[in-house]
Amino acid sequence: MSSDASVEPGTLLVAAPSLLDDNFRRTVVYIIDHRSEGTLGVVLNRPSDVPVDDVLPTWGRHVSEPNSVFVGGPVEQKTALCLAAMRTGELVDGVTGLIGVRGPVALVDLDADPDVLVPKFRGMRVFAGYAGWDLGQLAGEIDRGDWIVVPALPNDVFAPAEEDLWGRVLRRQGMPLALLATHPGDVKAN
């Protein structure tokens with residue numbers, strides 16, 4: 001069985017403390033798509049200083065706080081992706097402009113009419129760029145110990161920017177993974 005067998009849409013990749021790549025250090029990546037050709041996700045905990053209004057004025061007032069674009073990853077940073085969580089009782093299936101990811105979380109077509117879609121959402125966030133892996137690449141990184149694969153909660157997608165999402169996700173895994181949440185950001189400063 002491949003080491004990325006537990007990766008599926010709606011799971012999280014949590015960067016191991018040993019992963020020091022600037023693009024992914026202490027990140028939490030939400031998986032949007034995982035298939036034989038590769039994997040696509042967005043980094044949930046990298047807000048930018050760019051207001052969504054500046055790049056997508058029709059959507060800006062609808063996004064969850066902070067109203068900034070999040071850096072979804074190093075690939076195609078001029079591409080915007082949007083994730084939303086549906087309100088209780090609202091379904092993704094059959095709604096034009098939405099592609100279901102898992103449970104209440106959906107990918108939003110930013111060319112759609114926000115006035116039609118937004119009333120169905122309890123939260124949404126816009127990401128510039130994404131994280132992507134080719135066939136076998138993610139399995140290799142998991143084997144090397146770069147990523148910890150854990151279940152996501154829908155609210156992870158809209159975690160407050162000031163919150164330590166990386167630590168929160170690790171802590172809720174129980175022991176021994178919860179201990180990783182205490183790892184200092186810079187071991188030299190410890």
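Two rings of Phe, Tyr or Trp form a pair if their centres lie within 6.5 Å. In this predicted model, ring pairs join F24, W133 and W147 into a cluster.

**Aromatic pairs**

- By this rule there are four aromatic pairs.
- The ring centres of F24 and W147 are 5.4 Å apart and the planes stand at 75 degrees, over the 60 degrees required, so this pair is edge-to-face.
- F24 sits in the loop between β1 (11-15) and β2 (28-35), while W147 belongs to strand β10 (residues 147-151); the pair thus links distant parts of the chain, 123 residues apart.
- Both F24 and W147 are buried.
- F70 and F127 also make an edge-to-face pair, because their ring centres are 6.2 Å apart and their planes meet at 65 degrees.
- F70 is in strand β5 and F127 in strand β9, so this pair ties together parts 57 residues apart in sequence.
- F70 is buried, as is F127.

**Largest pocket**

- The largest pocket holds about 190 Å³ of space.
- Its lining is made up of 13 residues, and those closest to the centre of the pocket are V55, V69, Q77, K78 and A128.
- Two or more lining residues come from each of β4 (47-51), β5 (68-71), β6 (75-86) and β9 (121-134).
- β6 supplies the largest share of the lining, with four residues.
- By type, the lining has nine nonpolar residues, three polar and one charged.

Terms used:
Residues are numbered from 1 along each chain as its sequence is written. This is a predicted model: local features need pLDDT of at least 70, side-chain atom pairs count only at pLDDT 80 or more; totals for chains, interfaces and linings use all residues. Side-chain values use heavy atoms; hydrogens and water are left out. On a 1 Å grid over the protein atoms alone, a cavity is a set of points where a 1.4 Å probe fits but cannot get out, and a pocket is an open set with protein on both sides within 12 Å along at least five of seven lines; lining residues have an atom within 4 Å of a point. Grid points are joined across faces, edges and corners, and a volume is the space filled by probe spheres set on the points. Ala, Val, Leu, Ile, Met, Phe, Trp, Tyr, Cys and Pro count as nonpolar, Asp, Glu, Lys and Arg as charged, and the others, Gly among them, as polar. Rings of Phe, Tyr and Trp (its six-membered ring) pair if their centres lie within 6.5 Å; planes under 30 degrees apart count as stacked, over 60 as edge-to-face and the rest as tilted. Buried means under 20% relative accessible area, exposed over 50%, partly exposed in between (1.4 Å probe, protein chains only).
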